[in-house]
Amino acid sequence: MTLLLIVYRSLRQHALSTLVTACSLALASGLLMTVWFVKTQSQRTFTQTTAGFDAVLGARGSKLQLVLNAIFHLEASPGNLAWADYEQIKRHPAVKTAIPIAVGDNFRGWRIVGTVPELFADVEYHAAKKYTLAAGRFFEPEKTEAVVGSFAASQLGWKVGTTFHPFHGLAFDDQHEHDELYTVVGILAPTNTPADRVIWTPLEGVQTMSGHNPAAATEVSAVLLQLRSPTAGFMLDLAYNKQGNRLTFAYPVGAIVGELFAKIGWFDRVLELVAYLVGLVAAGSVLASIYASMNARRRDIAILRALGAHRRTVFGAVVTEAAAVGALGAAAGFAVYGVLLVVVTNVIRVQTGVVLELAVWHPVLVLCPLAMIALSALGGIVPAVKAYRIPVAATLAPVS
Amino acid sequence: MLAIAGLAKSYPSPSGGRTMIVEVSAFALAAGEQLALRGESGSGKTTFLHLIAGLLDADAGRIELGGVDMAALSEPKRDRLRAEKLGYIFQTFNLLQGYTVLENVLLGMSFGPGADRAHARAVLERVGMGGHLRHFPSQLSTGQQQRVAVARALANRPTLVLADEPTGNLDRRNAAESLALIRETCRESGAALLLVSHDEQALAQFERVREFSEINRLNQGAAS
């Protein structure tokens, strides 16, 4: 009780420096937790985002580019493959489902993807989850109709019945508007996947859009595949990638996305270094804050000692005070973390359509606050030693 | 109750040697006794009290309080003994500014026998500060601050109260009242009182007054 009273009163006496130091710790703690959480959670979520497919077949090129283009609807397509290639892989006994897609158009930056109705009828984008409609119906393949992802629809303010002219290219250029008029006939229910950011249209419509290369009418951008067994994936990998030289077979999708994170592994190490530096700065700020006030505290500490407090008691009080500042900062850090997390996850959602699950346990949520408290206590040791050494008699009164 | 023998204390001097400040061959104070020591500034009075309180280490000698040689104790044990057996009233009161009146008294008790809120309130009532429990020292007059300092010194039921120029910062009326209060409360609790001062008005209230120079051999030439 005595120790807590001393710490409480000291914190109140130095309320401003306590507040400033706790705020800097809160920022550091919140930032660290956000960085770690987003890093691990995004890696986990992105590698699990397969849209329900095991593999992607596309033009010869980078597997990662192929996956980013076909599954995440990011990046440019590495090229097209012939309709015959699609027919061939579709008939392959190892393939359970083959869904062709065609890209190359947008509406004000929102990507238009041509596909077949089977995507919505047959494919589970997550286990036991098929695409459902929030409004309207799915498009008919021979009509200029569109089904819009939930996020794209809400951002564009589109409803069933809205009409639009697609623009050519993946990047928006108002000089390249197509003549065709499409009608929105359905809005997809949210899936928390990249599909939410897509304007889905019939495959043939994209292939034969006015102004497109006539050759595109018999080509697709990629084929999304569900395989009957994992061994089928290795077999097709051998056939297309090692023995063939015309097409690229990207398998397994999750592992290929994982390669992206492996490539930016250096970024993790930079983050770690920044984290350690932030931690050191946090401990330093506690040290500087308490140390700077030690001259003002000398008399109080000498009085406590004169009243019978042991040296170790005043040492412990200063270290506990530093730890308490760390605890305040760590607690406030959760508020910073909450705000940052909402902002960052929203940015990720806007950019990729992937929604990070927030209600997920991660050890950093305990380790980071504990580390902040420990580092703060460590920062309190230097002023605590100073308190320990205060000469009581000389500090209390002039000798008479 | 208090028995001192062969006590010596020196400080490093600017010339590199050491300057002797206190050299007391023998001094004693009985239980419940009240004694005032008269001494000029710089005569070593405060150092003498600091040595008795265990706030300073002696170069040599014995300081027995209730039969326990404080000089031979480890610092933690000396701290404990000070908290349990001694009350100290400072010239500048030395109240903790960030703590309320009640907390100042309770904190002093907590290092000794333990914080007893009811007793702390009773002691503060006794010194006339019962209505100011939640006040901070800066909200009190100097006379009131001195009363709180007295309450804090007596709250642990000490056997010895040391008072170092306790009226030095008070006006004449407050000084007389404060001194009377210190003497009364010590008498009521059975604590011995050793006061050092150069204030003749304060010293005049004591039945027993000794020259500090009679005790401290180093002052004997100067005091006479």
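The paragraphs below treat the interface and then the strand.

This is a predicted model, in which local features need pLDDT of at least 70 and side-chain atom pairs count only at pLDDT 80 or more, while totals for chains, interfaces and linings use all residues. Residues are numbered from 1 along each chain as its sequence is written, and chains are lettered from A and ligands numbered from 1 in the order in which they are written.

At the interface, 19 residues of chain A are in contact with 30 residues of chain B (C-beta atoms, placed from the backbone, within 7 Å). On the chain A side, two or more residues each come from α1 (2-13), α11 (294-306) and α15 (392-396); helices here are DSSP runs of H or I with at least four residues, and strands are runs of E with at least two, numbered from the N terminus. The greatest share, five residues, belongs to α1(A).

Within chain B, strand β8 (residues 192-197) is largely enclosed by the rest of the structure, because six of its six residues are buried (20 or more other C-beta atoms within 10 Å of a residue's own, these atoms being placed from the backbone). In a regular strand, side chains alternate between the two faces of the sheet. Both faces of β8(B) are covered, with Ala192(B), Leu194(B) and Val196(B) buried on one side and Leu193(B), Leu195(B) and Ser197(B) buried on the other.

Strand β3 (residues 34-38) of chain B runs parallel to β8(B), joined by five bridges (pairing requires at least two DSSP bridges), and Arg38(B) stands opposite Ser197(B). Strand β7 (residues 160-164) of chain B also pairs with β8(B) in the parallel sense, over five bridges, with Asp164(B) opposite Val196(B).

Terms used:
Contact = placed C-beta atoms within 7 Å. Buried ≥ 20, exposed ≤ 12 C-beta atoms within 10 Å, placed from the backbone.
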